Amino acid sequence: MMQIPCPFCGPRNESEFFYGGPVRPSRPDPAAVNDEDWTAWLTQVPNPLGPVQEHWWHARGCGTWLTIWRDTRTHDVVEAPDDAG
Amino acid sequence: MPYDVTFTRLETQALFDLKGRREAVQEWAGEALPACPDQPNSKTEAGGATLMFIGPDHWLLRADLAREAALEATLRPAEAPPEMSIVRVSDTLAFFRVIGPEASEILAIACPMDLHESRFGPDTASFTEAFGIKALVTRCEGGFEVGVEQSFGPMMLDCLTRASC
Amino acid sequence: MTQVDRLATGGRIDRSQTLNFTFNGKGYTGFEGDTLASALLANGVRLTARSFKYHRPRGIVGAGVEEPSTLVELMGANASGNCPATTVRLSEGLVAKSVNCWPSLAFDIGALNQLASRFIPAGFYYKTFKWPNWHVYEGPIRKAAGLAAAPSEPPAKGHFESRFGHCDVLVAGAGPAGLMAALTAARAGLRVMIADEGTEAGGSLLSRKLTIGGAPALDWVAQTVAELAALPNVTHLQNATVWGYREHNYLMVTERAPTNPSLLERTWRVRAGHVITATGAIERGLVFGNNDRPGVMLASAVQTYVKRYGVAPGKRAVIFTNNSSAYAVAADLVAAGVKVVAIVDSRETVPEDARAQVPGIEVMAGKVVTEARGARHLRGVAVTAKTGGAARILSCDLLAVSGGWNPTVHLWSQSRSSLRYDAALATFLPDIPAQAISAAGAATGDLTLNDALRSGAEAAAHVAGCDTPDIPEAPDLPYAVDPLWRVETSTGKAFLDLQNDVTVDDVHLALREGYSNVEHVKRYTTGGMGIDQGKTGNLNIIGTVALAQGIGMDQVGTTTFRAPYTPVSFGAIGGLREDTVALPYRHTPITEWNLAQGAVMYESGARWRRPGYFPRAGEGLQEATNRECRAVRERVGVYDGSPLGTVELKGRDVGRFLDYLYTNVMSSLKPGRGRYGLMLSDDGLIMDDGVCFRLDAHRWIISTSTGHADAINGHLEEMLQTRFPDWNVFITPVTSQWNNATICGPKAREVMAALGTDIDLAPEAFPFMSVRDGVVAGLPARVVRVSFTGELSFEVNVAPRHMRALWAKVMEAGQPFGILPVGSEASHVLRVEKGFLSLGHEVDGTVDAHDLGMGWVMSKKKADHLGKRAVQIRRDGTGPRRELVGVIPEPDCQIPEGAPLTPGGGREETEGFVTACVWSVVQDRWVGLALLENGHARHGDTAHVRLKGGEVIPVRVTPPCHYDPDGAKLRS
């Protein structure tokens with residue numbers, strides 16, 4: 001049971017949250033990209049062995065959609081890595 | 001009953017869901033409300049009404065049901081400006097009062113939050129879980145109050161009964 | 001024969017309280033304070049078990065959770081399987097039996113396996129029982145393996161509890177280090193939880209004769225426990241094992257005897273600011289021939305039985321050790337009047353301080369036991385020089401072995417903190433913490449009392465940020481060890497893992513066959529995979545691997561330590577979640593009325609319990625459903641639509657927000673009007689369908705399907721918060737603020753009029769897909785003209801507090817028109833007749849709106865909406881699509897939902913499937929819906945359902961709508 005830092009509520013049990021998946025790049029303008037790029041954006045989800053930025057929804061708390069950096073090897077909630085853009 | 005507690009389902013409470021920036025809420029409805037709480041997940045009380053700061057730009061006003069009509073007349077949900085939202089939600093939550101010397105034992109079974117008085121004082125009001133269901137938890141005289149979505153009311157009663165026996 | 005081996009005095013047992021118990025059908029007595037193991041030993045019972053694979057005779061080896069041999073099944077009211085006898089607290093009337101033996105302990109048929117043991121080495125099952133597959137053999141083998149049966153009945157009284165706990169410091173273990181740590185942290189004002197698996201605090205001090213501050217160590221224990229009990233910031237649990245260490249300092253603690261009398265067991269899920277593992281150390285066995293004979297026991301266990309339980313586990317004892325701690329055991333045996341024949345010490349040089357413990361006893365330095373003798377019980381041991389040579393036989397009935405001490409690093413390791421091999425102590429020690437954790441006492445290699453007290457105090461002081469308190473004087477025998485992973489000159493089976501019958505030969509075989517990694521050795525031999533998780537044997541396995549490979553212990557490394565540290569009852573994990581509250585459930589205010597009407601209730605998505613149908617006397621599901629459907633089609637029906645998700649939206653940007661979420665345009669809606677819409681996810685899948693109404697310039701309400709109410713709320717918030725945080729939109733779920741009675745059927749308007757309302761019900765004043773606020777039957781109401789049945793419908797929404805009143809008035813007002821309540825079965829029939837889609841039936845991850853014949857809902861005006869691009873890309877692809885059609889079975893018969901359609905009914909790749917099939921009251925026959933390849937172009941054709949047995953049912957393909965295709969009725 002992870003403890004997830006909510007910006008409004010502070011650290012709370014994972015069970016209060018819904019997992020929202022890894023954060024992807026901003027949604028491209030569908031009129032401005034070709035099919036390949038669109039499909040790549042849609043289907044290629046970050047899945048690193050290490051820190052990943054991800055969305056969580058504090059569904060049973062304050063309702064905030066928040067992001068954290070979580071190390072997939074350890075579940076540690078970490079600071080954003082240096083190369084995080 | 002092995003745990004020394006009593007629990008009761010409260011009558012429907014008047015509840016209004018308020019959303020918007022603090023200034024917008026205060027400008028429109030300030031007179032009808034207790035002072036806006038400063039701290040996240042805290043509450044203020046005045047004139048028999050409680051105002052809870054339960055999320056970013058999100059407030060919950062609670063009072064006795066008898067005051068619902070008067071509050072609605074003051075708050076005028078339909079006329080409120082687009083910078084804020086006021087929705088009457090009195091029926092959405094079923095409140096349970098759990099009191100007695102061992103009320104905190106029951107809450108420890110129900111709720112994953114740390115409810116120790118050093119962390120969760122009389123001014124605290126927060127949504128969390130109770131028996132795995134989203135629940136609004138506050139302290140009250142001699143114990144706690146737990147509000148869950150009204151449709152889960154029978155199940156809460158079931159769980160409280162099992163937890164306390 | 002009563003307690004022949006009970007010492008005349010001593011032990012922490014209450015001799016005034018005699019307890020009767022039964023073991024393997026025979027009656028015995030013990031005392032309050034005994035474990036089942038100590039009571040059996042007191043009664044002279046030595047043969048207590050049969051081993052798992054070879055069914056060899058086994059006795060009691062340990063005195064606590066490390067016990068590898070004697071597993072028992074508890075019978076009766078508190079039935080429980082596979083309990084180590086050493087952890088079963090004796091109680092009046094206890095009934096236990098050995099596992100692993102059939103038909104009886106003394107005569108065990110499985111013991112024939114011993115004769116064949118040469119043929120069942122490690123990997124035997126893997127190699128032998130693989131053709132045609134393992135499942136052919138699994139049943140009989142599992143029966144022969146014969147661990148205890150699961151209890152068939154729930155516990156006779158009481159229940160389990162699971163709760164949450166929070167503390168600044170969790171101390172695991174209430175031995176000297178743990179008590180000292182808890183005391184130090186508690187005095188510094190921290191919130192402390194201390195949990196210990198024993199029935200009383202003290203840990204090793206309960207079994208040893210030591211002093212603290214010049215007084216008996218147990219006096220200090222009692223004082224400390226009393227001080228902790230008096231502090232409000234301390235929670236002290238005994239009989240409570242910390243068995244799991246999860247991420248973010250979340251630990252699992254199970255109390256086996258909580259104070260609340262109605263509780264069987266209680267699990268705490270503890271979030272700890274810091275954890276101090278003061279979990280002590282567990283003694284290793286020694287590995288030599290027939291080292292599993294009853295009578296071979298851990299030295300520390302022997303000491304525990306003598307000192308703590310007042311039991312002499314033998315009359316003539318030999319000690320076999322590679323370290324100094326066993327010398328204190330020898331001294332305690334002598335003091336208890338047990339003859340100590342000799343101490344066999346594998347070390348060439350025995351420290352003087354150790355020898356000084358046992359004046360007058362022969363110490364055989366540099367010697368090893370190569371073989372235990374005796375068939376069902378130890379009768380003697382063969383001793384040789386470490387390098388071999390002639391054996392000297394020592395006659396004895398008890399061999400106390402000590403292979404050195406392993407710090408109990410299970411919790412430490414579960415926390416992902418690392419271990420290092422310490423050559424001086426010949427064991428693995430805690431190294432680098434991975435979470436907020438520290439180790440203290442024997443658990444960190446501080447194996448003497450003074451060191452344990454000091455390290456407990458230091459660990460807590462570090463957490464509390466205070467000075468380390470003064471430590472009382474606590475003299476102890478220094479610990480020194482020379483590793484002896486196995487006796488290389490031994491003869492006979494030498495067991496590394498007694499519980500799983502893993503021998504040195506098995507490990508060597510695994511290595512020869514290429515399983516050289518220690519994790520592979522473990523899986524191939526099953527060494528360390530028993531209920532005891534190899535607590536006494538794992539390091540000897542690692543040592544055996546290291547010796548065979550000629551590498552260091554650190555290079556071999558340990559296997560992974562996993563939760564649970566000791567077995568845990570499933571009930572203790574589940575807690576309250578049983579019976580009716582195993583899953584959450586929801587009710588509407590009409591539930592009592594429904595039940596009073598005899599409705600058959602069941603779950604129908606999102607945990608709602610709803611009426612399926614309302615059978616009258618003599619009616620089954622079909623008859624009741626038909627009657628309800630006819631009421632709606634011919635007269636009027638009413639159903640409780642409260643569970644449908646409802647969300648209110650407010651703000652200037654709601655219109656464009658909804659345009660982004662729905663496939664069609666919502667922003668153009670006029671106040672009071674609504675539209676049906678589809679929500680897609682960005683990969684083009686249909687997430688949900690529902691209706692959207694505009695209340696006024698800035699306020700809207702949308703409905704979601706019942707099962708998706710929470711998910712759609714999350715979706716709305718995600719889109720708003722993560723994509724359009726600057727847009728002026730507020731989202732408020734109001735599902736539970738509105739209940740509704742949906743009145744549907746040709747007479748619905750008459751029923752509305754009879755209820756009385758200030759809303760103009762005329763079709764032109766209140767057309768289909770519009771919403772009005774007003775008063776209905778004297779209640780404030782919001783009435784919506786939508787239809788999920790194809791009939792004229794009024795969805796009358798009121799606050800739940802008014803729902804029962806509304807319902808009663810609807811039934812009363814509708815009575816002259818023959819109104820009937822409608823359950824979810826009839827609703828399903830009515831929507832299938834209309835060809836209305838249902839998520840999960842017609843909508844799966846493959847279909848889009850065009851396939852459903854709903855291309856009109858895909859706006860061409862909007863440049864973008866969620867899912868638009870993905871649907872385009874998919875439709876640009878080639879290949880046939882499965883499209884929604886109606887199907888009429890010919891001949892008239894029911895087709896199971898999900899039945900496949902194949903070309904010509906042949907045994908070929910499917911071209912679709914039947915999504916629903918119902919008895920239609922308007923068609924007076926079975927009708928269905930299906931997804932069929934190129935279905936839209938095949939109306940009028942015949943397709944074929946192929947059932948599992950090869951039966952083929954021809955179906956006529958039609959448009960999906962079987963009733964009122966123009967929609968005149970629902971608009972009326």
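In chain B, the C-alpha centres of domain 1 and domain 2 lie 22 Å apart. The model is predicted: local features need pLDDT of at least 70, side-chain atom pairs count only at pLDDT 80 or more, and totals for chains, interfaces and linings use all residues. Residues are numbered from 1 along each chain as its sequence is written, while chains are lettered from A and ligands numbered from 1 in the order in which they are written.

**Domains of chain B**

- Domain 1 spans 6-10 + 92-164 and domain 2 spans 14-89; such bounds come from an automatic or database domain assignment.
- Eight residues from domain 1 of chain B and seven residues from domain 2 of chain B make the contact (C-beta atoms, placed from the backbone, within 7 Å).
- On the side of domain 1 of chain B that touches domain 2 of chain B, strand 8 (residues 125-130) of chain B gives the most, with three residues.
- Helices (H or I, at least four residues) and strands (E, at least two) are DSSP runs, numbered from the N terminus.
- That side of domain 1 of chain B has three nonpolar, four polar and one charged residues.
- Ala, Val, Leu, Ile, Met, Phe, Trp, Tyr, Cys and Pro count as nonpolar, Asp, Glu, Lys and Arg as charged, and the others, Gly among them, as polar.

**Chain C with chain B**

- The contact joins 31 residues of chain C to 31 residues of chain B.
- Strand 8 (159-172), strand 34 (645-650) and strand 38 (730-733) of chain C each supply at least two residues of the chain C side.
- Strand 8 of chain C gives the most, with five residues.
- The chain C side divides into ten nonpolar, 13 polar and eight charged residues.

**Chain A with chain C**

- Chain A brings 18 residues to this contact and chain C brings 20 residues.
- On the chain A side, strand 3 (18-22), helix 1 (35-43) and strand 4 (51-57) of chain A each supply at least two residues.
- Helix 1 of chain A gives the most, with four residues.
- By class, the chain A side has ten nonpolar, seven polar and one charged residues.

**A helix pair in chain C**

- Helix 7 (residues 299-307) and helix 8 (residues 325-335) of chain C pack at an angle of about 30 degrees, with axes 9 Å apart.
- Axes are lines fitted to C-alpha atoms, for helices over the stretch in contact, and angles run from 0 to 180 degrees between N-to-C directions.
- Helix 7 and helix 8 of chain C are therefore roughly parallel (angles under 35 degrees).
- C:A299, C:V302, C:Q303, C:V306 and C:K307 in helix 7 meet C:A326, C:V329, C:D332 and C:L333 in helix 8.
- This helix contact has six nonpolar, one polar and two charged residues.

Note on methods
Contact = placed C-beta atoms within 7 Å. Parallel < 35°, antiparallel > 145°, perpendicular 65-115°, else oblique.
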